[in-house]
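The stops below go from the whole chain to single residues.

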Amino acid sequence: MSEIRTGMQQQQWAVEQLLYQLSDACDRQQWDRYLDFFTEDTEFHIPQWCSEHEYTQDPQREMSLIYYASRAGLEDRVYRIRTGKSSACTPMPRTLHLIDNVCCQPAAAGELEASANWVTHHYRFGQSQHFFGRASYRLREQQGGWKIARKHVLLLNDRIDSVLDFYHV
C-alpha cells in the first residue's frame, strides 16, 4: 500500500513540477524551454463560451479563442514574438502564472490526465490585468519525463480588452 502511495505521490509531484516549470519558462519568456514541454502533435485549445455555462466543444466546427492542431501553431507564435512580427505583442507584457489544485490520474498506457486551476497576472502599458480559469492536460511519457500532448484551457473571465495569446494562459 505504501509503495502505491509513494508512486502516486511521486507522479503528483512530477506533474506539479512540470506545470510550475512550464509557467516559469513562459513568465521568463524562455521560449525554447517553453516549447520543449509540448509534444510535436500537441493540441492547444481555448474554446469560446456559447452561453454563461456552455462552451464550444469541436474546434473544427465551432469558434475558439485559440486553436492550434499541433505544436507548429505555438512555434509560429513564438517566431512572431521573437522577430517583432506580432505588433500585438510589442512590447511583451510581463506575466506571472499561478497554478493551484493540480490533480492527475492515469489515462492510456504511458499517459496521464491532469487538471489545474490557474491565474495569470499581466502588466503592459502601465496597466495590470489578469486572466483565470481551468486547464486540463493529456501528458505523454517521453524520454523519461512527461510532455504535454494536449492542453485545453477554459478561460473563465473571457472579456478580452486587448490581446489574448498563449502566454496569457
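A residue is called buried when its relative accessible area is under 20%, exposed when it is over 50%, and partly exposed in between, using a 1.4 Å probe and protein chains only. On that scale, 41% of the 169 residues of the chain count as buried. This is a predicted model, in which local features need pLDDT of at least 70 and side-chain atom pairs count only at pLDDT 80 or more, while totals for chains, interfaces and linings use all residues. Residues are numbered from 1 along each chain as its sequence is written, and side-chain values use heavy atoms, with hydrogens and water left out.

**Whole chain**

Select the chain and switch to a cartoon. Helices (H or I, at least four residues) and strands (E, at least two) are DSSP runs numbered from the N terminus. The chain has three helices and six strands, in the sequence order α-α-β-β-α-β-β-β-β. Its radius of gyration is 16 Å, close to the 15 Å from the globule rule for 169 residues, so the chain is as compact as a globular protein of that length. That radius is taken over C-alpha atoms, and the globule rule is 2.2 Å times the number of residues to the power 0.38. Along its principal axes, the C-alpha trace spans about 55 × 35 × 30 Å.

Contact here means heavy atoms within 4.5 Å. Of the contacts between residues at least 6 apart in sequence, 58% join residues at least 24 apart.

Now show the surface. The accessible area, from the Shrake-Rupley method with a 1.4 Å probe and, for residues, only the protein chains shown as cover, comes to about 9700 Å² for the chain, with 47% belonging to carbon and sulfur atoms. Colour by charge next, with Lys and Arg as positive, Asp and Glu as negative, and His and the chain ends not counted. There are 18 positive and 22 negative side chains, and the centres of the two sets lie 5 Å apart. Each charge is placed at NZ of Lys, CZ of Arg, CG of Asp or CD of Glu.

Select Gln 21 in helix α1. Gln 21 is partly exposed, at 36% relative accessibility. Leaving out residues up to four places away in sequence, Gln 21 touches Arg 33 and Phe 37. The C-alpha atoms of Gln 21 and Arg 33 are separated by 9.2 Å, with the two residues twelve apart along the chain.

Move on to Gln 29, in the loop between α1 (2-27) and α2 (31-35). Most residues other than glycine have a negative phi, and most peptide bonds are trans. Gln 29 is partly exposed, with a relative accessible area of 31%.

**A cis peptide**

Go to Pro 91, in the loop between α3 (71-83) and β3 (94-106). The peptide bond joining Thr 90 and Pro 91 is cis, with omega about -5°.

**Two cysteines**

Select Cys 103 and Cys 104. A disulfide requires a pair of cysteine sulfur atoms within 2.5 Å. The sulfur of Cys 103 has its closest cysteine sulfur in Cys 104, 7.8 Å away, which is too far for a bond. The count of disulfides is zero. Both residues are partly exposed: Cys 103 has a relative accessible area of 39%, and Cys 104 has 21%.

**Strand β4**

Select His 121 in strand β4 (residues 111-124). His 121 is partly exposed, at 37% relative accessible area. Beyond its neighbours within four places in sequence, His 121 is in contact with Arg 94, Thr 95, Leu 96, Leu 98, Gln 129 and His 130.

**From β5 to β6**

Select Gln 143, in the loop between β5 (127-142) and β6. Gln 143 also has a positive phi, about 50°, and is not a glycine. At 79% relative accessibility, Gln 143 is exposed.

The last stop is Lys 147, in strand β6 (residues 145-155). Is Lys 147 buried or exposed? Lys 147 is buried, with a relative accessible area of 11%. Apart from neighbours within four places in sequence, its contacts include Asp 36, Phe 37, Phe 38 and Thr 39, and also Arg 138, Leu 139, Arg 140 and Gln 142.
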